[in-house]
Amino acid sequence: MNDATNHLLSGWLVLLPILIPFATSGFIFLFRKQLSGKGLQLQQQIGVFASGAHLVVSLLLLQQVIAHDMLNVQSSNWPVPFGISFVADGLSSLMVVIVSVMALAVNIYSLSDIDKLRQHFAFQPVYLLLIAALSGAFLTGDLFNLYVWFEILLISSFVLLSLGNTRAQLRGAVNYVLINLIASSLFLAATGLIYGYTGALNMADIAVQLSTLPQGIVTVIAVLFLVAFGMKAALFPLFFWLPPAYPAPPIAISAIFAGLLTKVGVYALIRVFTLFFVYDVSFTHTILLWLSGFTIIVGVLSAIVQDDIRKIVSFHLIAQVGYMVAGLAFYTDLGLRATIFYFIEDIVIMTNLFLITGLIARYGGSFKLSKLGNLYRDKPYLAIFFAISAFSLGGIPPLSGFWAKFMIIQASFAGGNILFTLVLLFGAFITLYSMARIWQHAFLKTSENKTLSLEEGNLTQSKRNFYIPVVALTALTLLISFWPQPFYTLSKQVSSQLLSPQNYIEHMFSEQNTASPFKVKESKGEGH
Amino acid sequence: MILNSIILQTATRILIALLLLLSIWLMIRGHNLPGGGFIGGLVGACACALYTISYGVKKAREALRLEPRIMIGLGLTLAFLSGLISLFLGDPFLTGQWIKIYIFGTLVKIGSPMFFDIGVYFVVIGVTLAMIFALEELEFDYQPSSEADK
C-alpha cells in the first residue's frame with residue numbers, strides 16, 4: 001500500500017466510530033411500523049450489534065494511534081485551516097474506546113432495564129445518537145464542530161432524560177436543559193470571540209493564532225471556556241443541576257450519563273487548557289485547582305447526608321470530577337498522567353456502580369437506604385460486585401481507585417501543595433465512609449422487607465442481561481487493579497502528547513493536510 | 001384541534017401546493033445561493049402544519065402517507081449514504097462527487113451534496129411534524145403516568 005491509500009484508510013477509521021452508531025440510529029428509526037414484538041426485538045439486536053461494531057473499530061483506532069501517534073481526516077477533502085478536521089490523538093482515541101465499552105455494557109443492560117413503553121418511544125435510536133455524539137465530540141479537531149456535537153449530545157440526552165414523562169424526570173430535565181443551554185451559549189460566545197479575533201476555528205490553527213493575541217484577551221476567553229465546560233463537567237459552583245437530573249430516568253440511562261456525559265466536559269477542559277490556554281498557567285490553572293478542591297469537598301460532604309443511593313453516587317460522581325480536574329490543574333506530566341488514568345478507571349467504576357444500584361433497587365424494592373437491608377444474606381454475589389466497585393472508588397489499596405488516587409496525590413506532593421493533598425485525602429476518606437454506609441444499610445442491616453426476585457418486575461427480557469455487563473465491568477476493574485501497567489503506560493503516552501501541543505499543530509499543518517484538494521486529485525490521476 | 005373554517009380550508013388547498021413548490025425550489029437553489037435542505041424543510045413543514053391546522057392530525061397523517069419518524073430515519077440514512085459515496089471513489093467522507101448529464105441540451109450537474117440536502121430536508125420535515133403532531137394529539141392521549149409519585 002502506498003502512502004496516500006494508507007492516509008485514506010486511516011481517515012475512514014477515524015470517522016467510523018462516529019458513522020457506525022449514527023448510521024444505525026438513522027436506519028433503525030425505519031422500524032417503526034412493527035414495533036410490537038419482532039420489530040422491537042430486531043431494533044434491539046441491531047442496536048447491540050452496532051455497539052459491538054463500535055467497540056471493535058474503536059479498539060482498532062486506538063491500536064493505530066498508539067502505532068502512528070496521531071491520525072486525522074479532512075472531511076469533504078477541504079485543506080486544513082478551512083475544512084472540518086477529525087483528529088484521533090491519544091486522548092481522543094482512548095476516550096472513544098472507553099465510550100464504546102460503556103455503551104456496549106449499558107446497551108445490554110438496557111435490554112432488560114428499559115421498559116417496553118420507553119423502548120417503543122425510540123430509546124434505541126436516540127441512545128445510538130448519543131454514542132455517535134460522544135464519539136464525535138472526542139474526535140473532532142474543530143472548535144465549532146465540537147459545539148455542534150455538544151448540541152447533539154444535549155438533544156439526545158434530553159430525550160433520554162425525559163422519555164417516559166414521570167414527574168421527577170421532567171423536574172430534572174428542565175434544570176438540565178436550562179443550565180446546559182446557558183453553558184452552550186457561553187461556549188458559543190467564547191468560540192465567536194476566538195473566531196472574531198483570529199479568524200480560526202480549527203483547533204491547531206487557533207493554538208497558533210492565540211499566541212499572537214494580547215494576553216488579557218486570551219485570559220478572558222479562557223475563563224469563558226472554563227465556565228462553559230465547568231457547567232458541563234459539573235464543577236463546583238455550577239453542579240446543582242446534576243443531582244436532581246441524573247437519578248431521575250431508568251438506571252441504564254443514568255449509568256450512561258454518569259459514566260460519560262460529565263466526562264465530555266472534562267475532556268473539553270483538558271483539550272483547551274493544554275492546547276490553547278497554556279501561556280498564563282499560573283492564573284488559569286490556579287482557578288482550576290481551587291474549583292477542583294471545592295468540588296471534591298462539597299461533593300463528598302453532600303453525599304454523606306443523602307438517603308437515596310442514586311443521589312449518593314451522583315454526588316460522588318461530582319467529587320470524582322474534582323479529582324480529574326485536579327490533575328489538569330497541576331499541569332505537570334505526573335498530574336495529567338494521573339488524570340488520564342483516573343478517566344480510565346473511574347468511568348468503569350461509576351457506570352458499574354449505577355448498574356449495581358439498579359439491581360439493588362430491583363431486589364430491595366427501593367432506592368432508599370432506610371428501606372433496604374438483608375442483601376448480603378440474600379444476594380452475596382451482588383454484594384461482592386458492589387464491594388469491589390465501592391471500595392475501589394474509596395481507594396482501598398489493591399483496587400484500581402487506589403492507583404488513580406495514589407497518582408494524583410503523588411502529583412500533588414511533587415507540586416509541593418500540602419494543603420491540597422490534605423483535601424484529596426479528606427475526599428478519599430469521606431468517600432470510603434459513604435460507601436461503607438451504603439454497605440452497612442443496604443447489605444448488612446437486617447430489615448423486615450423481603451428481598452424480591454428479578455422476575456417480579458415486568459421484565460421484557462431475561463435477567464442475564466443485568467448480570468453480563470455488571471460482571472464484565474467488575475472484571476475490567478479487577479484487571480486495572482491487578483495489572484495496571486499497560487493502562488499506566490498508555491496514560492503516560494497520552495499525557496506526554498498533551499504536554500507537547502507543538503506536535504499536534506505540526507501534524508495538522510503537515511503537507512498532506514494542507515494540500516489543496518485539486519492537487520490531491522491530480523496526483524491520484526498520475527498514480528493510476 | 002381543528003379550526004373548522006371554510007375560508008382556511010379553501011386557502012390551504014391553494015397555499016399548500018405553492019408552499020411545497022417553494023420548499024423544493026429553496027432546497028435545490030441552496031447549493032450556491034441562500035436556501036438549502038434546512039430552510040426548504042422548514043417551509044415544507046409549514047405547508048404540512050397549515051394542513052394539520054385546517055383539517056386535523058388524522059387527515060394530515062393520511063395525506064402525508066409516511067410517518068414523521070420514518071421520514072427522520074429516511075433522511076438520516078440518505079444523508080449518510082450521500083457521504084458514503086466518496087468511500088468507493090477514494091476520497092474522505094462527504095467529499096462532493098458530481099456527474100454531468102445533458103437533459104435537452106442543458107447541462108445538469110447532479111452531485112452527492114444534493115442528496116445530502118434532500119436527506120436534511122426530510123429530517124427537518126420529520127422532526128418538525130413529529131413535534132407538531134405530538135402537541136396536537138396531546139389532549140386526547142394524555143394520561144398521567146402511575147410512576148409519577150414514586
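The model is predicted, and its local features need pLDDT of at least 70, while side-chain atom pairs count only at pLDDT 80 or more. Residues are numbered from 1 along each chain, chains are lettered from A, and side-chain values use heavy atoms.

A:Phe225 also belongs to the largest nonpolar core, which has 184 residues. Such a core is a set of buried Ala, Val, Leu, Ile, Met, Phe, Trp, Tyr and Cys residues joined through side-chain atoms within 4.5 Å, where buried means under 20% relative accessible area (1.4 Å probe, protein chains only). With A:Tyr246, A:Phe276, A:Phe277 and A:Phe386, A:Phe225 touches the most other members. Helix H14 of chain A, residues 333-364, gives the most to this core, 19 residues; helices here are DSSP runs (H or I) of at least four residues, numbered from the N terminus. Another core, of eleven residues, lies apart and includes B:Val57 and B:Met71.

Now turn to chain B. The axes of helix H1 (residues 6-29) and helix H2 (residues 37-55) of chain B come within 8 Å and cross at roughly 170 degrees; axes are lines fitted to C-alpha atoms over the stretch in contact, and angles run from 0 to 180 degrees between N-to-C directions. H1(B) and H2(B) are therefore roughly antiparallel, a term for angles over 145 degrees. Among the residues making the contact are B:Leu19 of H1(B) and B:Val43 of H2(B).

Methods. Helix = DSSP H or I, 4+ residues; strand = E, 2+ residues; numbered from the N terminus. Parallel < 35°, antiparallel > 145°, perpendicular 65-115°, else oblique. Contact = heavy atoms within 4.5 Å. Buried < 20%, exposed > 50% of the residue type's maximum accessible area, 1.4 Å probe, protein only.
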